[in-house]
Amino acid sequence: GAVAVQLAAVASAEAATVSRIEVRGNRRVDADTIRTQVGISPGESFSNADLDEAVKRLFATGLFADVSITQSGGALIVTVDEYAIVNQVLFQGNKKIKDQSLVQSIQLQPRRAFSNQLMEADAEAIREAYRRIGRDDATVTARVQELDDGRVNVIYEVQEGDRTKIATINFVGNNAFGDRRLRDVISTKQSNIFSFLLRNDIYDENRLRADEEALRRFYFNRGYADFRVISSTADLTDNEYTVTFTIDEGERYRFGDVAIESTIPGVNTDALRSELRTRSGSVYSAEDVEDTIVGLTESVAGLGYAFAQVTPRGNRDFANRTISVVYAIDEGPRAYIERIEIRGNNRTRDYVIRREFDISEGDAFNQVLVQRAKRRLDRLNFFQTVNITTVPGSEPDQVVLVVDVVEKSTGEFSIGAGYTTGASSSSGGGFSVEGSITERNFLGRGQFIRVAAAGGEDSRDYTFSFTEPYFLGRRISAGFDIFRNTRTFSNSAGDKIYDREATGGTVRFGLPINEALTAQFAYNYTQEEYDRDSDVENSDLSQAIQDALDQGTWRKSSVSGSLIYNTIDDMQNPREGIHATLTTEIAGLGGDAKWAKFTARANMYQMLSEELDLVGLLTVGGGHIVGFEDDLRVFDHFNSSDRIIRGFKYNGIGPYQLVDPTDPDSNRDYLGGTTYFHATAEAQFPLPVVPESFGIRGAVFADAATLYGSDVSGAEGTGMEWRASVGASLIWASPFGPLRVDYAEPVVKESTDRIQHWNFGISTRF
Amino acid sequence: CNTASTLNTRETFTQGYVIDEQALELVPVGSSREQVLLALGTPSTTATFDSEVFYYISQKRVRNAAFMKPKLVDQQVLAVYFGDDQRVTQVAHYGMQDGKLFDFVTRTTPTGGKDQNFLTQMIAGVARGGPPSNPLGAR
Amino acid sequence: CNAEKDLDLSTYVEQTEPADALYNQGLANLNAGRMKEAIAKFEAVDRQHPYSEFARKALLMNTFANYRQGQYQEAINNGKRYVTLYPTSEDAAYAQYLIGLSHFRQIREVTQDQRDARLTIEAMQQVVDRWPDSEYVPDAQEKIRFARDQLAGKEMQIGRYYLERREYIAAIRRFRGVVENHSDTRHVEEALARLVEAYYAMGVASEAQTAAAVLGHNYPESQWYKDSYALLQSGGLEPRENTGSWISRAASLITGS
């Protein structure tokens, strides 16, 4: 409504008084309420300015289309024309988006003034909400239902239509990498039967921008410094998008000569060459340049030049397609951190966040250390978002670091189920169910606490574990676990032989040496009780197993130390990097077990071919156990499993003893061996026919292993015979959890080995 | 990546004010407060009650392995005293050897405020965080 | 999946009850302690008879009921709506006071974000400034003192964190912050004592002595002063100000402010 402000000419002197205030035109709003808003009471003097203020205040309430104040005789007359008031906002026909979330995206709320433009704007907001979840052809009609005394209901009718799919995504101008490989790089996926689950086939404008950035980064890291995305278009025909990326790859560049220059006296550039990640001659990669800058800044800062800045200067040689890079080190602006403000930590304690900073208040501002703190805070997995911004401080050379965190719930009640054919030391395989309560940020102190119970066909497992990540104020993650595991063992014919009940605990300390290397020390105490199944006669058991069972309870008290070296790029789907562990365990501090055990295992991932996205994996490992005084117990020997060699049953190879030594083809009990070595070569590749958005990959592998040596008298097959197998497997990072199916065919085996071709394991936690 | 860079685990941190020798010559006795601010920058801290003294504090720490506490290896305190005429009267230097090693008082002044115990945290976590994430992908 | 059943519009007719009946039912529920029903009744008044005199009273009671129920965010929203809609009514002070209380109840432990302490100060300060003669001013001031003490406590906690790691610059700045901005809270004694410890550990004896002198001058019997005195004595020093006119200015800083 037009704002009509009539202000009667006040005849008498500037300040006037009235005897009463009359309110007209108000149908529903109470006269007293209007009088309090006007704020002028009878007998009190007021000026034009007061009247202006009163009108402004009345408009500010948003209730009136029009307000006018006139003065006649001794009375002040306030005439108002009220808006209708919204009583209820109702949604009809919306299934995919619930009323509650629609209400948040619209402006018309109960008790607010109604206006047509607001209603239209809200209808558009609802259409936009449906577009965001991939339903571009949803239609929204809005209408009003009149109620008595100036109130209205607002009703939005929604026809949702069906999901807008992405038919195809194709690339124009790519010859270095195939369409399949590029489709794997971007996050928008073509629709397939699983997309209703993963919802990654929704066309969204800024997701497309992000995909362009992903393509740029992908090409920059593989030598294509001139790469450009010319256009990315999406045209909609009968509810299906076809997305086309037109790109210009440009030439592939290698590094020319690489040099370091410094304008800061006292910085000797040769010593810094070890930080270079970019070798002249190797393929140009933006990521290597960035890593080099971080490396150089860190080491120069370490030398005491806290304000040093490293800026790369590249110049291209178009003829022989090389880029030579010069890293210029010069004195950056002198800025100090005045304060570190931490905000949003409603549960996490302040020191849990502050201790991740290697930089503190009063220090020189150093971007690399701030990035390192941000990476550490993200890795804590306590926060949805962590962003660190700088705000000018009280002096020109002072800066305030503001750390805004948004916490997420770190507690989990989770129940899981799984099926594995391959048995392990603690469970016999088959179906298993697991329930657990985990809290990663216990009482906001960053401590980890977990209680879990699991049951399989023939095993029960209870564990409790606690970890304090900052023991004694140092970055030592100290913790303890208590476990209790009962398992029934059966012989190859499947009938029950004996039960084992193991209870124990460990106290462990993890000490990170540097970003990649971690040391772990632990004390373990376990007590095992064996009781033989009642109707099992000696004749059914080999001599070694009988002796071990007759020992009754068995205590192990040991200390162990291990080194873990881990440079894997992405633990869920590794493509580059090494993960190696070396462990020694010495049992004999009291208890019955007296032996020393050494185990080692190294997995090396290497991207073999970028075009085919072929990843090579080489695994080597070994272990040896030697008893001190008396001979090793049968149960302390190593047993073979699918982690050592596939194609054979658990504990299916290696030294064995006949149940009845006189009859060569009586039952055999496998005793395990004192020493084992194994090696695996595997190549993983995307399956050619299956669309890559399923996330299924194939692999072919060759395993080789040997398990030999035994302290048990009368054991046979103790020679160092090698076994080998080849096979193929399916790896699927499914929404239900990681799943792997292996088929292995033993090519070199002993006649006494037990074969198991299929190995299948899926475990989901939900 | 070359193994040399991964094995050397020693990290040195220079913390606090970065002392720069030439700038020191620019502030002889008698120079004005503005000159000092211009040459040396904002002091790490000033005298507690009247800023008649500028303190520039710098520390050097070494950490041999990621899990260890950084050990203080060097500490320089540069104190610039001003007379009543706002001119530098004296520049003093406190080194590492002046520092004293003793245990700080562990008692603290009590404070209030609501603190969550474990149960309320779990329930609040579940209530606020909504149901545990649905494994079948986003709804 | 469980789509909400859509309201059948034709049969949807909202029966509106008279405002006073609804309001009194709300009050009855409130006094009987049934907060949920009371809130529902008050909201019904506000929805069916918006901007009437009963709606105003209902809004106030709704704020109070939500506060009692522990729904602090709703209490704050309703309180704010009341104060903006009816700034000059006599209950506006009470509504603002309720907003302050709702923030006050959410103040967290010092190691966590003190946003609510700051909001308490802001809200209660409005009670004191806009309605100076209202009966809620004394308690508002009391809550402001507690919130300020909480903010000082947080500064001290961070200061101690840095002192333990022997990062003296950060520690000294935090403790100075408390001495300068929060000198009316209980923490100022400990802040002075920590300054003595920090300067003494760094070897700047004169500053340590000054801080101890100010602590002794203002809080002679405080246990903190005894600790600082003992510390200085162990190094053969005793608290004295390093220049003549000092103590009067320093002392006035504490007592005067």
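Predicted model: local features only at pLDDT ≥ 70, side-chain atom pairs only at ≥ 80, totals over all residues.
Local features need pLDDT of at least 70, side-chain atom pairs count only at pLDDT 80 or more, and totals for chains, interfaces and linings use all residues. Residues are numbered from 1 along each chain as its sequence is written, chains are lettered from A in the order in which they are written, and side-chain values use heavy atoms, without hydrogens and water.

Rings of Phe, Tyr and Trp (its six-membered ring) pair if their centres lie within 6.5 Å; planes under 30 degrees apart count as stacked, over 60 as edge-to-face and the rest as tilted. By this rule, 37 aromatic pairs are counted over all chains. The pair of A:Phe177 and A:Phe218 is edge-to-face, because the ring centres are 4.9 Å apart and the planes stand at 65°. A:Phe177 lies in the loop between β7 (165-172) and α5 (179-185) of chain A and A:Phe218 in helix α7 (residues 205-220), so the pair ties together parts 41 residues apart in sequence. Helices (H or I, at least four residues) and strands (E, at least two) are DSSP runs, numbered from the N terminus. Buried means under 20% relative accessible area, exposed over 50%, and partly exposed in between (1.4 Å probe, protein chains only). A:Phe177 is buried at 2%, and A:Phe218 is buried at 6%.

A:Tyr530 and A:Phe635 form a stacked pair, with 4.6 Å between centres and 10° between planes.

A charge sits over a ring if NZ of Lys or CZ of Arg is within 6 Å of the ring centre and within 35 degrees of the ring normal. A:Arg316 lies over the face of A:Tyr253, at 5.6 Å from the ring centre.
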